[in-house]
Amino acid sequence: MERIVRVRTVHDDGTADVTIVRESACSGDCHRCAGCGAASEVLTVRAVNAVGARPGELVKMVSDSAPVLKAATIVYLVPFVLFFAGYFLGGALAACALFALGIGLAVGYDRLVLRRQKESYTLVAYNDSP
């Protein structure tokens, strides 16, 4: 995935803190859909500063989508599959137990990812658009 970000601070280890504005999934035309109240979120992440960007500059940042797809599979698909496997193999009680196991696996994976968190973002180019 590629997006335009603004550099906040630069670190001596070759990384930089950048600001990402995460927009909501809606179109942004709140007056058309009666004002859903969805707000954009500002995140700060650390990225490898491969272009030597300085604070305040707009740069292109890329990230690997494989970890996101892996996390989505574990968080959404595993509990779903375990629930239906339990339902067809042993009934409602087994389905609930296996669903709870799936949720436990998702929470455990989340904690593992947080402990092993690495910079998966890289600043690759300056933003060419005005």
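Modeller: One term before we start: a contact means heavy atoms within 4.5 Å. Keep in mind too that this is a predicted model.

Colleague: Okay. How much of the contact count comes from residues 24 or more positions apart?

Modeller: Such pairs account for 70% of the contacts with a separation of 6 or more.

Colleague: And what elements are there in the protein?

Modeller: There are 2 helices and 5 strands. From the N terminus on, they run β-β-β-β-α-α-β.

Colleague: What do the 5 strands form?

Modeller: A closed barrel. The order is 1-2-3-5-4, and the pairing is mixed. From one strand to the next, the twist averages 55 degrees.

Colleague: Remind me, how do strands pair in general?

Modeller: Strands of a sheet pair through backbone hydrogen bonds, either parallel or antiparallel.

Colleague: Then take strand 2 and strand 3. Which sense, and how many bridges?

Modeller: Antiparallel, over 8 bridges. Strand 2 covers residues 15-22. One place to look is R22, whose bridge partner in strand 3 is E41.

Colleague: What about strand 3 and strand 5, parallel or antiparallel?

Modeller: Those two run parallel, joined by 2 bridges. Strand 5 spans residues 121-126. Look for V48, which stands opposite T122 in strand 5.

Colleague: And strand 1 with strand 4?

Modeller: That pair is antiparallel, with 5 bridges. Strand 1 is residues 2-10 and strand 4 is residues 58-63. I4 stands opposite K60 of strand 4.

Colleague: Let's zoom in on strand 3. What does L43 touch?

Modeller: L43 sits in strand 3, which is residues 41-49. Leaving out residues up to four places away in sequence, L43 touches V18, T19, I20 and R22. Take V18: 25 residues separate it from L43 along the chain, yet their C-alpha atoms are 8.2 Å apart.

Colleague: And N49, buried or exposed?

Modeller: N49 also belongs to strand 3. The cut-off for buried is under 20% relative accessible area. N49 is at 12%, so it counts as buried.

Colleague: Which backbone nitrogens does the N49 side chain reach?

Modeller: One belongs to G52, at 3.1 Å. Another belongs to A53, at 2.8 Å from a polar atom of the N49 side chain.

Colleague: What else is N49 in contact with?

Modeller: Setting aside neighbours within four places in sequence, it is in contact with V10, G14, T15, A16 and L123.

Colleague: How much of the whole protein is buried?

Modeller: Buried residues make up 18% of its 130 residues.

Colleague: New topic: the helices. How do helix 1 and helix 2 pack?

Modeller: Helix 1 is residues 66-90 and helix 2 is residues 92-115. They pack at about 165 degrees, with axes 6 Å apart. An angle over 145 counts as roughly antiparallel, so that is what these two helices are. Their crossing is right-handed.

Colleague: Which residues make that contact?

Modeller: Quite a list. On helix 1 they include I74, V78, L82 and F83. On helix 2, L98, F99, L105 and Y109 are among them.

Colleague: Last one. How exposed is V107?

Modeller: V107 lies in helix 2. Its relative accessible area is 38%, so V107 is partly exposed. V107 and I74 are 33 residues apart in sequence, with 9.5 Å between their C-alpha atoms.

Terms used
Residues are numbered from 1 along each chain as its sequence is written. This is a predicted model: local features need pLDDT of at least 70, side-chain atom pairs count only at pLDDT 80 or more; totals for chains, interfaces and linings use all residues. Side-chain values use heavy atoms; hydrogens and water are left out. Helices (H or I, at least four residues) and strands (E, at least two) are DSSP runs, numbered from the N terminus. Two strands pair if DSSP finds at least two bridges between them. Axes are lines fitted to C-alpha atoms, for helices over the stretch in contact, and angles run from 0 to 180 degrees between N-to-C directions. Buried means under 20% relative accessible area, exposed over 50%, partly exposed in between (1.4 Å probe, protein chains only). A polar contact is a pair of N or O atoms within 3.5 Å; within protein, one must be able to donate a hydrogen and the other to accept it, and residues adjacent in sequence count only if both atoms are side-chain atoms. Angles under 35 degrees count as roughly parallel, over 145 as roughly antiparallel, 65 to 115 as roughly perpendicular and the rest as oblique. A crossing is left-handed if the near helix is turned anticlockwise from the far one by less than a right angle, and right-handed if clockwise.
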